[in-house]
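Me: Please take a close look at one single part of this protein for me.

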Amino acid sequence: MPHRWDDFAAVRRDQIESGKDLTFSKVFLPYYMDLAKELHPKSLIEVGCGTGHLSIALSNHVNKTIAIEPSKGMHIIAEKVVEGSGVKLFPLRVENYKSEHPFDLIISHMVLQLVDDLESFIASVAELMGNQSRFVFAIPHPCFYNEYKKFFGPSEYHYMVETTKTVSFTVTKDPNTIISGVPYCHRPLSRYFFVLKKFGLYVVDFEEIFPEPEIQSLYGMAWDFPRYCVFHAQRGKDRLILNKSEQLL
Ligand SMILES: C[S@@+](CC[C@H](N)C(=O)[O-])C[C@H]1O[C@@H](n2cnc3c(N)ncnc32)[C@H](O)[C@@H]1O
């Protein structure tokens, strides 16, 4: 359902470039920059790059940066954002992107909570990985996000049940701009661990994002709990790696 993002590309560009999206500029941009400095990847692919801003920032620390984005609207904006940079952009879903060489680092920021077929998505990512590759993805924290955003009413929400809904939301510093009609899928944490393992990936790090008080204060209200979490996955040395077609049999 990437087309559902088409109409919000210009809004997202404005929110990111103006700094209104605090979570992007104050929380995750520093997080991924630190990660790139720590891991020194030679090659990076960002899956679901949206407007391309994160790819651009990271590309300064990497020899080769690929960004893929299937939403037409997002891709049009991303083309402008990455113009003149070293980032190579493709208008593709990860399921349709093929590479002869594995990537050292695969990042997917705020994407997995909206993909309709998690297995196919993660199977495709696994095919882009070698033994030393790291797959890092951030999602809204499944344990706490509904308490924060109230996407699901009490009768709709059962933590252990995977449930998809079309939702609307705003960002704290741009409360009058509503991003609406986009998919959101609640899945229990165990579902992510299970699917990663199914495709030969295991979690080497799991972080719950809870910024320092001075960053929280920018939001005008303290965070009661971690709103986001980040998985770091790598290939398991002894695990059987099944490819997508084998899984679908
Ligand atoms: C919430 S947006 C996040 C965009 C960007 N990463 C950011 O944080 O600003 C999710 C993006 O994932 C993309 N997407 C959805 N399904 C995808 C898939 N199968 N492969 C690659 N990208 C996908 C959508 O088109 C959308 O732009």
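How many bridges join strand β1 (residues 43-47) to strand β2 (residues 64-68)?

Reply: Happy to! This is a predicted model, in which local features need pLDDT of at least 70 and side-chain atom pairs count only at pLDDT 80 or more, while totals for chains, interfaces and linings use all residues. Residues are numbered from 1 along each chain as its sequence is written, and side-chain values use heavy atoms, without hydrogens or water.

β1 and β2 are joined by five bridges and run parallel. (Strands are DSSP runs of E, at least two residues, and helices of H or I, at least four, numbered from the N terminus; two strands pair if DSSP finds at least two bridges between them.)

Stepping back, there is an open sheet of seven strands with mixed pairing, in the order β3-β2-β1-β4-β5-β9-β8. Its edges are β3 (87-90) and β8, each of which pairs on one side only. On average, neighbouring strands of this sheet are turned by 15° against each other, ignoring direction.

α5 (residues 118-126) lies across β1, β4 (103-109), β5 (129-140), β8 and β9 (228-235), contact meaning heavy atoms within 4.5 Å. Relative to β5, α5 runs at about 145°; the axes are lines fitted to C-alpha atoms, for helices over the stretch in contact, with angles from 0 to 180 degrees between N-to-C directions.
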